[in-house]
Amino acid sequence: MENIIAKIASISDVDIIKTIYNEARTFGRSSGSCDWTDDYPNDEIINYDMEHNYLYIVYSGEKPIALFSLMDTDDLDNEPLNWTQVKSGVPARICIAPQLQGKGYGKKIMHKLIQVAKQRGYQSLRLLADKKHTPANKLYQSLNFQYKGAAHLYETDFNAYELIL
């Protein structure tokens with residue numbers, strides 16, 4: 001059984017983080033699944049996430065394979081989407097190394113993210129998926145995230161989802 005672990009990122013991990021973000025952005029643009037700009041996520045966002053212990057590196061054994069941030073709140077909380085009124089975490093900037101995409105790692109990484117969220121005391125997760133990103137939308141639905149409605153943020157149309165933990 002493959003050992004998937006998530007570790008809080010530190011300043012010494014910046015090169016790993018930037019490499020995974022850059023590779024995932026480039027691959028996502030070529031496949032049409034990512035509309036991240038060249039400067040997203042930028043150094044300011046990466047540093048902010050690390051300073052607040054939001055940014056995680058996911059490893060398969062010793063190899064870094066993915067990233068996710070798990071925040072206490074963000075702009076999504078202000079959207080009128082009939083959220084469940086419990087302590088919620090907001091996953092963001094979830095990305096998987098391109099060579100592992102389409103091989104079941106998304107589900108493994110989301111299970112790890114859910115485990116981390118429970119350990120941090122969250123009672124639900126709220127997240128956005130770009131409407132054009134079919135694999136992400138299918139993944140969240142397969143994990144029983146409930147569709148809460150559409151949201152237009154950051155000049156993008158999203159589907160909003162919630163999972164009660």
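Which residues form one aromatic cluster? In this predicted model, the cluster is made up of Tyr140, Phe145, Tyr147 and Tyr161. Seven aromatic pairs turn up in total. Take Tyr21 and Trp36: their ring centres are 5.7 Å apart and their planes meet at 75 degrees, so this pair is edge-to-face. It links distant parts of the chain, with Tyr21 in helix H1 and Trp36 in the loop between H1 and H2, 15 residues apart. Both partners are tucked away: Tyr21 is buried at 2% relative accessibility, and Trp36 is buried at 15%.

Tyr147 is partly exposed, with 47% relative accessible area, whereas Tyr161 is buried at 0%.

Rings also meet charges. The charged end of Lys7 sits over the ring of Tyr59, 5.2 Å from its centre, and that of Lys87 sits over the ring of Tyr122, at 5.4 Å from the centre.

Now for helix H2, which spans residues 43-51 and has Ile46, Asp49 and Met50 buried. These three are on the same side of H2, because they cover an arc of only 100 degrees around the axis. The buried residues pack against helix H1 and strands E2, E3 and E4, while the face turned away from them carries the exposed Glu44 and Glu51. As for the ends, Asn42 caps the N-terminal one, with a side-chain oxygen 3.1 Å from the backbone nitrogen of Glu44. After H2 comes Asn53, with a positive phi near 55 degrees.

Note on methods
Residues numbered from 1 in each chain as written. Predicted model: local features only at pLDDT ≥ 70, side-chain atom pairs only at ≥ 80, totals over all residues. Heavy atoms only, no water. Buried < 20%, exposed > 50% of the residue type's maximum accessible area, 1.4 Å probe, protein only. Helix = DSSP H or I, 4+ residues; strand = E, 2+ residues; numbered from the N terminus. Arc of directions from axis to C-beta. Contact = heavy atoms within 4.5 Å. Polar contact = N/O pair within 3.5 Å; in protein donor to acceptor, adjacent residues only side chain to side chain. Phe/Tyr/Trp six-rings, centres within 6.5 Å; stacked < 30°, edge-to-face > 60°. Lys NZ or Arg CZ within 6 Å of the ring centre and 35° of its normal.
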